[in-house]
Amino acid sequence: MKFLLSVMDIQESYGEINHFHDGYTFHFITKTRNMIKQSYQYIQGKFLGKGKGNMCTYQKDVPDCNNQSLQHFISNSPWKHRPVIDHIQRDVVDAIGDSVNGSIHVDECCFPKQGKNSVGAASQYCGRLGKIANCQVGVFLGYTQGSYRTLIDERVFLPEKWISDRERRKECGVPWYIRFKKKTELAWEMIQHAQKKKIPFSWVGMDCAYGRDSWLRNKMEGQGIVYIADIPCNLRVWLKEPKVGVPKRKNGRGRNPTRKQVLEGDSIRVDELRKTASKEDWRKIFIRDTERRELWVNMICLQVYPREEDDLPGKKCWLIIREDPVSNDVKYQYSNASEQTSYDQLAQMSGSRYWIERTFEDGKGIAGLADYQVRSWTGWHHHITMTMLAMLYLLKLTIKLGKKADFLTVQDAKEILEVIMPKRKITREEFVEMLFEKHKKRLSARKSHHRHHK
């Protein structure tokens with residue numbers, strides 16, 4: 001184990017973070033206001049805060065900070081989030097970009113909400129709660145290279161009833177040109193943008209909600225993009241290409257069929273296929289090191305024809321079945337990697353999905369991804385963008401200091417910033433004033449809620 005960090009290394013980290021923020025300051029200057037100070041304070045509040053944070057808690061931790069100023073910076077200030085995200089993408093490429101081992105991943109994050117006035121909030125499936133609930137859904141693009149990972153793009157999902165509700169759109173400031181798009185369409189939009197910006201990657205990973213959608217997989221297939229897609233256990237495949245054609249009219253009655261169907265060949269569920277596989281088909285493959293053990297799995301890779309939404313066979317692809325002999329967890333995946341792809345390469349692709357899950361844990365637990373009190377379209381995008389910028393700060397610090405400490409984590413990087421960043425010393429009078437402001441806001445929110453309810 002290597003640990004060569006010194007007090008000087010820790011002290012220098014603060015100056016490097018300031019220097020890094022200086023590279024983004026021009027994004028926060030508008031024609032009417034300079035919001036550089038507030039942009040730094042918002043990120044500083046994320047680093048100094050413990051547990052759930054918001055503008056009020058940031059005010060307690062960050063020197064010379066005012067929660068109303070931060071609220072304006074996030075909710076109303078006219079700085080554009082898109083150029084900041086594009087800048088983040090360029091810096092991520094400089095830091096960990098790799099056309100061979102780099103990968104981008106599509107996943108979503110759900111944010112439970114109490115009311116229905118926050119942009120996109122509706123009764124829909126919430127993965128965080130594992131059930132239908134009132135929540136917002138964000139579709140995200142992450143980038144991973146080995147264990148390094150961060151978020152690089154985002155879209156807020158607006159259900160159809162939101163798109164058609166002019167009053168709510170106006171209240172939340174949803175731009176007039178925004179139209180309904182399925183989550184898979186938002187994901188494809190981000191993948192295309194990553195290509196346009198020449199972000200280097202070898203494959204695209206998708207979670208189950210996106211991997212099961214043959215439309216998205218076929219879009220990538222058509223563009224020559226390699227994917228690794230989690231799928232549910234009830235999808236069906238053919239081991240041999242079935243015979244497809246237009247069936248003949250039965251008994252000379254009714255109209256002549258015109259729609260193609262599978263004429264010969266039965267499909268099988270992927271979980272049934274796992275049960276019937278022979279012992280010779282399985283291989284023991286190393287996936288990655290974990291904190292407690294090396295992760296070895298039993299893996300089988302078969303060339304299959306997936307059954308698509310129209311019940312016809314899709315293009316031949318890999319079916320990857322991974323079984324953890326310790327936890328007994330089973331994962332099913334499709335990949336359109338070439339037939340010559342080795343088991344080791346498929347295992348690397350399969351295991352990379354783990355790191356995007358860790359990215360969301362970092363975002364929520366360390367960078368305050370889910371901790372916000374904004375309702376508008378602008379507020380949501382501003383908060384998520386600043387969270388992505390904070391995550392990039394932590395990634396850069398982890399890479400730099402990790403050269404002197406093998407096992408340095410993103411959590412370690414945040415704790416370093418907690419120590420070296422200046423903190424606010426609050427007087428009793430200031431604390432009472434803060435409590436008074438919080439109570440005023442609660443009263444205002446309650447009155448607003450009651451008026452809306454009536």
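The legends below describe close-up views of a predicted model.

Local features are given at pLDDT of at least 70 and side-chain atom pairs at pLDDT 80 or more, while totals for chains, interfaces and linings use all residues. Residues are numbered from 1 along each chain as its sequence is written, and side-chain values use heavy atoms, without hydrogens and water.

**View 1. A salt bridge joins glutamate 16 and lysine 400.**
The N to O distance is 3.7 Å. A salt bridge here is a side-chain nitrogen of Lys or Arg within 4 Å of a carboxyl oxygen of Asp or Glu. Glutamate 16 belongs to helix 1 (residues 7-22) and lysine 400 to helix 14 (residues 377-402), so the contact ties together parts 384 residues apart in sequence. Helices (H or I, at least four residues) and strands (E, at least two) are DSSP runs, numbered from the N terminus. Glutamate 16 is partly exposed at 29% relative accessible area. Lysine 400 is also partly exposed, at 42%. On this scale buried means under 20% relative accessible area, exposed over 50%, and partly exposed in between (1.4 Å probe, protein chains only). In total, the structure holds 25 salt bridges.

**View 2. Lysine 37 and aspartate 64 meet through their side chains in a salt bridge.**
The N to O distance is 2.5 Å. This pair links distant parts of the chain, 27 residues apart. Lysine 37 sits in helix 2 (residues 36-48), and aspartate 64 in the loop between helix 3 (55-61) and helix 4 (67-75). Lysine 37 is partly exposed, with 43% relative accessibility. Aspartate 64 is exposed, with 58%. The backbone of aspartate 64 also stands out: its phi is near 55°, a positive value in a residue other than glycine. Most residues other than glycine have a negative phi.

**View 3. Arginine 293 and aspartate 324 form a salt bridge between two loops.**
Their closest N and O atoms are 3.0 Å apart. Arginine 293 lies in the loop between strand 11 (283-289) and strand 12 (294-306). Aspartate 324 lies in the loop between strand 13 (317-323) and strand 14 (330-335), 31 residues from its partner. Arginine 293 is partly exposed at 30% relative accessibility. Aspartate 324 is buried, at 10%. Elsewhere, salt bridges with shared partners connect Arg82, Asp86, Asp153, Arg155, Lys181, Glu189 and Lys197 in one network.

**View 4. Asparagine 328 takes a positive phi in the loop between strand 13 and strand 14.**
Its phi is about 65°, although asparagine 328 is not a glycine. The residue is exposed, with a relative accessible area of 59%.

**View 5. Helix 8 (residues 183-196) spans 20 Å from its first C-alpha to its last.**
Helix 8 has 14 residues, and its span is close to the 20 Å expected at 1.5 Å a residue. The expected span is 1.5 Å times one less than the number of residues. Buried residues in helix 8 include Leu186, Trp188, Met190, Ile191 and His193. Just after helix 8, lysine 198 has a positive phi of about 60°.

**View 6. Helix 8 packs alongside helix 10 (residues 214-222).**
Their axes come within 10 Å and cross at roughly 20°. That makes helix 8 roughly parallel to helix 10. Axes are lines fitted to C-alpha atoms, for helices over the stretch in contact, with angles from 0 to 180 degrees between N-to-C directions. Angles under 35 degrees count as roughly parallel, over 145 as roughly antiparallel, 65 to 115 as roughly perpendicular and the rest as oblique. The crossing of helix 8 and helix 10 is right-handed. Right-handed means that the near helix is turned clockwise from the far one by less than a right angle; anticlockwise is left-handed.

**View 7. Helix 2 packs against helix 14 at an angle of about 65°.**
The two axes are 10 Å apart. Helix 2 and helix 14 are therefore roughly perpendicular. Helix 2 passes helix 14 in a right-handed crossing. Helix 14 also holds threonine 385, which is buried at 0% relative accessible area. From threonine 385 to glutamate 221 the C-alpha distance is 30 Å, across 164 residues of sequence.

Cysteine 109 is buried at 1% relative accessible area. Cysteine 126 is buried at 0%.
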